[in-house]
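Q: I have a model open and want to read its features one at a time. Where do we begin?

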Amino acid sequence: MIYTVTLNPSLDYMVRVADLKIGAVNRADGEMLRAGGKGINVSIMLKNLGIESTALGFVGGFTGEEICRQLEKQGIRTDFTEIPGGVSRINVKLRAGRETEINGGGPEISTETPEAEINGGGPEVSEEIRETEINGRGPGISVDSRERLFEKLARMDSGDILVLAGSIPSSLPDTLYRDILNHVAKKDVKVAVDASGKSLLCAVEGHPFLIKPNQHELGEIFGAAVEDRESGVRYARKLQKMGAENVLVSLAEQGAFLLTAAGDVFACGAPDGRLVNSVGAGDSMVAGFLAGYLERGDYPYALKMGVCAGSASAFCEGFAGREQVRAIMERHPDPTGRITSASTIRGCDSWI
């Protein structure tokens, strides 16, 4: 069984406006309400790929009830820890003429990638449609609630997979992912961590099976720019020396690479397609990688499925289905031989 942990889930209210006018009444062209959070996204994508999982984490109030209802409607098992008196957050995602991100601690605004045609060698901008996110803070989580989550994790069985994804709320310590890794260390459980900053640095001390930073998160950790695969591999090896077994790094339009526990490096270029929705693409990559690994136990195949799953979700609204992922995999190159230059990224290659 795969278990996903989302410490601060949300209800995502997604609104599309053709021409946003600040300070005026705007009419939505379309809207959607869905359960959100990185671990939840992994569970949704796993379900689309035909793999069962159980979603764990913390929920509260009427929004928490709706998160559970939506997931259960999709056939996803839930075993959330309810927070007495707390209310799960609501995030607003507004698609309009510019894409920015506004976080609850700020606002702090950063420009993201525009809608583009992805050809593997860099984006070609075709339309200036961007997304603005306003993320709620979420409820405080007590020590008692945290202990109840740990009790659920203690019931995991040998051979299970645990996914820890997303930021850690301010009411919990930055060491929480490492604490969870230590908590399940005596079990034969593979743990995947998709986090950033101090949370990720603490987590690698617990020797996770897999970590998945993107190139920007990798660069932020070491105070350096990661602009290509060569520099990415160099810093990925540092994280491996700190304790991570396998390091999967996403490189946006350059695809991704995997540094394995054995020290091998496999690289996979980005499939061709039109970027429609960037939300959840990284989470889809994690789900696809785990699905591929469970299917064959083969790292190059897992990397390819991860990259194709992430791209398939980026090329559609919401999360891609299994047939969409398979269609991209069929036309995307299979792993080839060794390469010695970081410039070859079109297929999946062994690079040692």
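A: Begin with burial. A residue is buried when its relative accessible area is under 20%, and exposed when that area is over 50%; partly exposed is in between. Keep in mind that this is a predicted model.

Q: Take C202: is it buried or exposed?
A: C202 is buried, because its relative accessibility is 8%. C316 also counts as buried, at 13%.

Q: How many disulfides does a search of the whole structure find?
A: The general idea comes first. A disulfide is a covalent bond between the sulfur atoms of two cysteines. In this model, the search finds zero disulfides.

Q: Now salt bridges. What is the rule, and what count does it give?
A: The rule asks for a side-chain nitrogen of Lys or Arg within 4 Å of a carboxyl oxygen of Asp or Glu. The count comes to 13 salt bridges.

Q: Which residue forms a salt bridge with K152?
A: D79 does, with the closest N and O atoms 3.0 Å apart.

Q: How accessible is K152, and how accessible is D79?
A: K152 has 19% relative accessibility, so it counts as buried. D79 has a relative accessible area of 29%, so it is partly exposed.

Q: Where do E317 and R95 lie?
A: Start with the contact. E317 and R95 form a salt bridge, and their closest N and O atoms are 3.2 Å apart. E317 is in the loop between α9 (299–314) and α10 (322–331), while R95 is in strand β7 (residues 89–96), so the pair ties together parts 222 residues apart in sequence. E317 is partly exposed at 44%. R95 is buried at 11%.

Q: Which residues are linked with R95 in a network of salt bridges?
A: R16 and E317 are linked with R95 in that network.

Q: What separates R148 and D144 along helix α3?
A: About one helical turn, because they are four residues apart in the helix. R148 and D144 form a salt bridge, the closest N and O atoms being 3.5 Å apart. R148 is partly exposed, with a relative accessible area of 27%.

Q: Stay in helix α3 with S145. What joins its side chain to that of S142?
A: A polar contact of 3.1 Å joins the two side chains. S145 counts as buried, because its relative accessibility is 1%.

Q: Next, E330. Is it buried or exposed?
A: E330 is exposed, because its relative accessibility is 70%. Its place is in helix α10. Sequence separation and distance in space can be read together here. E330 and C308 are 22 residues apart in sequence, and their C-alpha atoms are 9.8 Å apart.

Q: Last, pockets. What volume has the second largest pocket?
A: Its volume is about 200 Å³. Lining residues are those with an atom within 4 Å of a pocket point. By that test, 14 residues line the second largest pocket. Those nearest its centre are V189, K190, V191, H207 and E245.

Q: Which elements give two or more residues to that lining?
A: They are α4 (176–183) and β14 (190–194).

Q: How does the lining divide by residue type?
A: Seven of the lining residues are nonpolar, three are polar and four are charged.

Technical notes:
Residues are numbered from 1 along each chain as its sequence is written. This is a predicted model: local features need pLDDT of at least 70, side-chain atom pairs count only at pLDDT 80 or more; totals for chains, interfaces and linings use all residues. Side-chain values use heavy atoms; hydrogens and water are left out. A disulfide is a pair of cysteine sulfur atoms within 2.5 Å. Buried means under 20% relative accessible area, exposed over 50%, partly exposed in between (1.4 Å probe, protein chains only). On a 1 Å grid over the protein atoms alone, a cavity is a set of points where a 1.4 Å probe fits but cannot get out, and a pocket is an open set with protein on both sides within 12 Å along at least five of seven lines; lining residues have an atom within 4 Å of a point. Grid points are joined across faces, edges and corners, and a volume is the space filled by probe spheres set on the points. Ala, Val, Leu, Ile, Met, Phe, Trp, Tyr, Cys and Pro count as nonpolar, Asp, Glu, Lys and Arg as charged, and the others, Gly among them, as polar. A polar contact is a pair of N or O atoms within 3.5 Å; within protein, one must be able to donate a hydrogen and the other to accept it, and residues adjacent in sequence count only if both atoms are side-chain atoms.
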